[in-house]
Amino acid sequence: MASNTLIGRLALARTLPRRSPRYYSTTPPSRPNANNGAKKPTHHHQVPAAKKPSAPLGSQTQPIPTPPGARHEAHEGTSALSVPYNPPGGGAGPGIGGTGFTFTNSPVLDAVITTCIGLGAVFVGGIVYLKWYKANVLDKIELAFEAGYDPALELAKTHTAKKAVEDSEFEGDEPWTEHLRRKEQDIIDLIIQGEEPGHYFMLLGPKGSGKGTMIFDSMAAIQADGVSMCEAHPDLEVFRLRLGKALNYEFNEDTQTGLFQRRDPREGGPALDIERALNKLEKVALRCAARRGKPFVLIVNNIHFFQNDEDGRNMILQLQQKAEAWAASGILTVVFSSDDFWPFHVMRKSASRMHVLSVSDLKGSEAVQALTRMRRDANKKSASPEEIRSIVDMVGGRLSYLNRAAKSKDMESMAKHMLAVEKGWILSRIGLIPDCDDDVMDEQKWSSCSWLLLGEFVKMRRAQEKEREEAIASGEVKSEDLEDLPLPAISWYKCRQIMTRADFMEDLDRANIISIDINHDVRPDSMLTLQAAIEVVEEEGFEELLNGVRDRIDEIESLHRTRELTFKDVDKGDMIRLSVDKGGADLIATIRGRNDDDDDD
């Protein structure tokens with residue numbers, strides 16, 4: 001057996017270096033012993049079987065030549081399956097590793113050419129994607145002005161889609177919307193429909209006077225065709241998002257161009273992003289103006305929410321500059337609305353194409369009609385004309401107050417409740433504090449000056465009522481022919497004289513205690529505000545309280561201007577002599593003259 005094994009090994013050593021084809025065995029490989037080669041124990045009665053002589057190596061394996069080319073064989077049992085095999089790094093070309101296309105015979109040049117083709121494909125793909133993305137951005141902005149869905153209008157649809165009650169009692173020349181078709185509604189309809197190119201507009205009026213209601217009514221009438229609306233916010237980052245939502249613009253946050261270009265810097269803050277959005281809007285408005293034949297309309301509501309600081313004023317100026325340019329070209333009309341006066345004061349400096357529309361409370365007759373109609377629309381118990389008139393005399397013509405009273409079960413109780421709330425609000429803001437400490441001196445300055453102005457309004461109101469009573473008593477006019485008394489108004493410059501402080505006016509306007517119109521006339525914010533001021537001013541002891549607070553402020557200011565002299569090392573019996581010489585200049589001249597005489601001597 002040993003000789004046969006040696007013969008097989010020598011034959012294998014002679015044949016392997018010389019043969020080019022590969023030989024594989026068709027017999028399955030032997031499995032290793034489970035006991036790691038250990039011999040299986042036998043029983044002591046069993047006789048080990050005699051080992052058969054092993055056959056020569058040449059008789060156990062049969063060489064099988066492989067076909068031309070590199071092949072790989074997968075074995076399953078005793079059958080061999082031939083599978084093409086391409087070793088890693090074989091490359092292209094004939095011979096071992098398969099066949100394929102090659103640019104040159106040099107692998108380096110092939111790698112360079114392949115890399116250039118890949119980079120070129122990426123570059124061309126990036127250019128195509130950028131072109132498509134920029135066109136898609138403009139298409140999305142144009143879609144925001146299409147008729148149909150508008151975010152702001154959808155939120156207000158429950159208010160604007162309400163059908164008017166058909167009643168011949170309220171039929172008139174003017175159509176009815178939800179509450180009352182005001183005289184300003186026709187102008188706002190023309191603005192929202194894009195029929196007023198060449199200008200941009202500002203709606204100025206107190207809170208709850210109906211500015212937003214008229215805008216939504218106009219938008220609902222045309223299904224917001226060519227109109228988009230966004231709300232202002234004190235935080236410019238939030239306003240950036242709201243403007244992007246209104247314009248359907250993502251500020252390039254949804255782009256995948258990070259592989260093809262450097263991202264635009266964001267260190268400029270929200271003002272830079274807003275400028276980008278306005279530039280995109282300008283491109284869309286330019287390409288749509290000729291097709292539509294009328295401008296787009298962009299509404300920026302409640303711009304008084306911007307902070308009255310450098311950032312807020314700069315944002316208003318940025319929007320105004322765009323509005324001026326768009327109005328000059330007639331491609332887009334911007335509409336601003338504000339409850340406070342200070343945005344108009346800021347914009348007036350640079351305004352050349354701005355038109356201001358003042359919105360005030362309803363007159364007495366209009367308020368009576370509106371309250372009667374709203375009461376019926378709310379499916380509440382109808383009230384008598386006397387009750388309606390008393391409610392209007394108490395709350396005035398503010399639409400928000402009339403709506404709240406109309407939807408309540410007891411209108412009189414609701415009106416008294418609103419008056420109590422308004423009075424509590426005023427006292428919480430400008431309430432007087434007798435014997436106040438110096439820490440609240442500045443706040444009490446504002447309060448005392450504010451009550452001086454409100455007291456003047458109360459005096460003017462009493463004077464109006466007295467004149468009306470005298471006219472009725474003299475028979476000049478009849479009581480049914482008298483018009484409703486308007487809210488007392490004082491010019492801006494005279495209010496500065498009454499309050500002795502010009503910087504307090506803006507704080508009162510922001511607190512909704514007074515309102516200022518474009519003629520710079522100052523009025524109480526509403527009839528409720530005037531009624532609450534009358535109750536406070538005509539209380540017993542109010543004049544003494546106001547004068548006492550003002551005297552206390554004078555005392556604190558005098559104490560702040562007083563200087564204290566402290567003398568140290570003064571024993572009992574020592575004398576301190578202090579003299580005040582109002583002729584100090586003469587005394588100095590005399591001393592200087594004496595010094596000159598001594599020098600001569």
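Helices (H or I, at least four residues) and strands (E, at least two) are DSSP runs, numbered from the N terminus. By that rule the protein has 21 helices and 10 strands. The model is predicted: local features need pLDDT of at least 70, side-chain atom pairs count only at pLDDT 80 or more, and totals for chains, interfaces and linings use all residues. Residues are numbered from 1 along each chain as its sequence is written, and side-chain values use heavy atoms, without hydrogens and water.

An open antiparallel sheet holds three strands in the order β8-β10-β9, where pairing requires at least two DSSP bridges between two strands. Its edges are β8 and β9, each pairing on one side only. Three bridges join β9 to β10, and I514 stands opposite P524 in β10.

| Strand | Residues |
|---|---|
| β8 | 490-491 |
| β9 | 514-516 |
| β10 | 521-524 |

A nonpolar core is a set of buried Ala, Val, Leu, Ile, Met, Phe, Trp, Tyr and Cys residues joined through side-chain atoms within 4.5 Å; buried means under 20% relative accessible area (1.4 Å probe, protein chains only). The largest core has 101 residues, and F306, L332, F336, W451 and L453 touch the most other members. Beyond its neighbours within four places in sequence, F336 has contacts (heavy atoms within 4.5 Å) that include Y200, L203, I303 and M347. A separate core of 19 residues includes I192, L203, A224 and V359.

Of the 601 residues in the protein, 34% are buried. Among contacts between residues at least 6 apart in sequence, 74% join residues at least 24 apart. The accessible surface (Shrake-Rupley method, 1.4 Å probe) comes to about 37400 Å², with 53% belonging to carbon and sulfur atoms.

Notes:
Buried means under 20% relative accessible area, exposed over 50%, partly exposed in between (1.4 Å probe, protein chains only).
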